[in-house]
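Please look over the fold shown below with me. The questions that follow take up its sheet, its helices, its ligand shell and some loop positions.

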Amino acid sequence: MRTCCIHPSILSADFVNLQSELGRISTADAVHVDVMDNSFVPNLTLGLPVVKRIQAVSPVPLDVHLMIDDADRWAPEYAAVGAASVTFHAEAARAPIRLARELRSAGTRAGMALCPATAVEPYLDMLGELDMLLIMTVEPGFGGQSFLDVTLPKIRRAAEAIRGSDLPLVIQVDGGITKDTIVRAAEAGATVFVAGSSVYGAEDPAEAIAGLRRAASD
Ligand code: DX5
Ligand code: ZN
């Protein structure tokens with residue numbers, strides 16, 4: 001039996017009714033908030049003012065995923081909002097170690113994300129600076145894409161490195177997570193699972209969350 005966390009992504013929710021959409025996932029461990037700037041990724045979602053309101057009304061902690069350029073400038077602002085974790089992309093940060101330290105000293109958990117084609121090896125020596133490593137299992141930018149099995153060896157390598165160095169950080173995966181793919185990601189070593197369409201696309205999001213939890217823990 002493995003422990004796991006399920007973070008539904010509000011990217012797949014109804015943006016006009018965010019407060020009630022948050023209420024439908026109150027059994028989740030956190031809500032995953034995708035911030036996109038139409039530059040780092042070819043899509044635009046929401047920014048600080050909306051994240052502040054989500055923080056004010058959410059029944060669960062916020063897991064903010066920044067798919068934006070100039071992460072060094074903006075990530076600390078999301079920490080100041082009170083998000084439980086703030087994840088920046090390695091590809092968008094000029095000084096990832098400094099940024100991770102800044103996030104932690106602001107009282108949030110520091111996450112760093114890697115796109116599917118970004119290798120984990122250059123970052124192995126800085127894993128101690130992080131609370132979470134997000135391994136993207138689709139190209140970032142859109143919900144509803146298919147899980148990329150090509151990312152599984154990277155999850156395994158990261159999990160081995162973390163086990164080998166006895167670090168407390170967790171591996172999160174994001175993109176294409178369903179009751180089937182979550183099993184492969186969990187076997188590879190991920191313990192935190194972002195799920196957009198498989199939760200908000202379900203008739204009963206609470207049941208979908210429970211189903212994902214069962215599949216990942218078996
Ligand atoms: C994609 C986002 C994901 C997205 C996942 O760039 O980072 O969080 O919402 O959606 P699904 O689960 O539908 O692939
Ligand atoms: Zn995301």
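Two strands are said to pair if DSSP finds at least two bridges between them, and helices (H or I, at least four residues) and strands (E, at least two) are DSSP runs numbered from the N terminus. This is a predicted model, in which local features need pLDDT of at least 70 and side-chain atom pairs count only at pLDDT 80 or more, while totals for chains, interfaces and linings use all residues. Residues are numbered from 1 along each chain as its sequence is written, and chains are lettered from A and ligands numbered from 1 in the order in which they are written.

Q: What is the order of the strands in the open sheet?
A: The sheet has eight strands with parallel pairing. β1 (5-8) and β2 stand at its edges with a single partner strand each, so one side of each is left without a neighbour in the sheet. The twist from one strand to the next averages 25 degrees, with axes as lines fitted to C-alpha atoms and angles running from 0 to 180 degrees between N-to-C directions. The order is β1-β8-β7-β6-β5-β4-β3-β2.

Q: Which residue of β7 is the bridge partner of Leu134?
A: Strand β6 (residues 132-136) and β7 (residues 170-174) pair in the parallel sense over five bridges. On the side of strand β5 (residues 109-114), which pairs with β6 over four bridges, Leu134 is the bridge partner of Ala113. In β7, the partner of Leu134 is Gln172.

Q: Which residue of β8 stands opposite Gln172?
A: Three bridges join β7 to β8, and the two strands run parallel. β7, α6 and β8 also make a right-handed β-α-β unit, a crossover being right-handed if, with the strands pointing away from the viewer, the path from the first strand over the helix to the second runs clockwise. Opposite Gln172 stands Val192.

Q: At what angle do helices α5 and α6 pack?
A: Leu152, Ile155, Arg156 and Ala159 in α5 meet Arg184, Ala185 and Ala188 in α6, contact being taken as C-beta atoms, placed from the backbone, within 7 Å. The axes, fitted for helices over the stretch in contact, are 8 Å apart, and the angle is about 35 degrees.

Q: Which residues come nearest to ligand 1?
A: The shell holds 22 residues, a residue being near if its C-beta atom, placed from the backbone, lies within 6 Å of the molecule. β2 (31-36), β8 (192-195) and α7 (197-200) each supply at least two residues of this shell. The nearest are Ser9, Leu11, Gly143, Gly196 and Ser197.

Q: What is the phi of Asn38, a residue that is not a glycine?
A: Most residues other than glycine have a negative phi. Asn38 lies in the loop between β2 and α2 (48-57), and it counts as partly exposed because it has 13 C-beta neighbours inside 10 Å. Its phi is positive, at about 60 degrees.

Methods: Contact = placed C-beta atoms within 7 Å. Buried ≥ 20, exposed ≤ 12 C-beta atoms within 10 Å, placed from the backbone.
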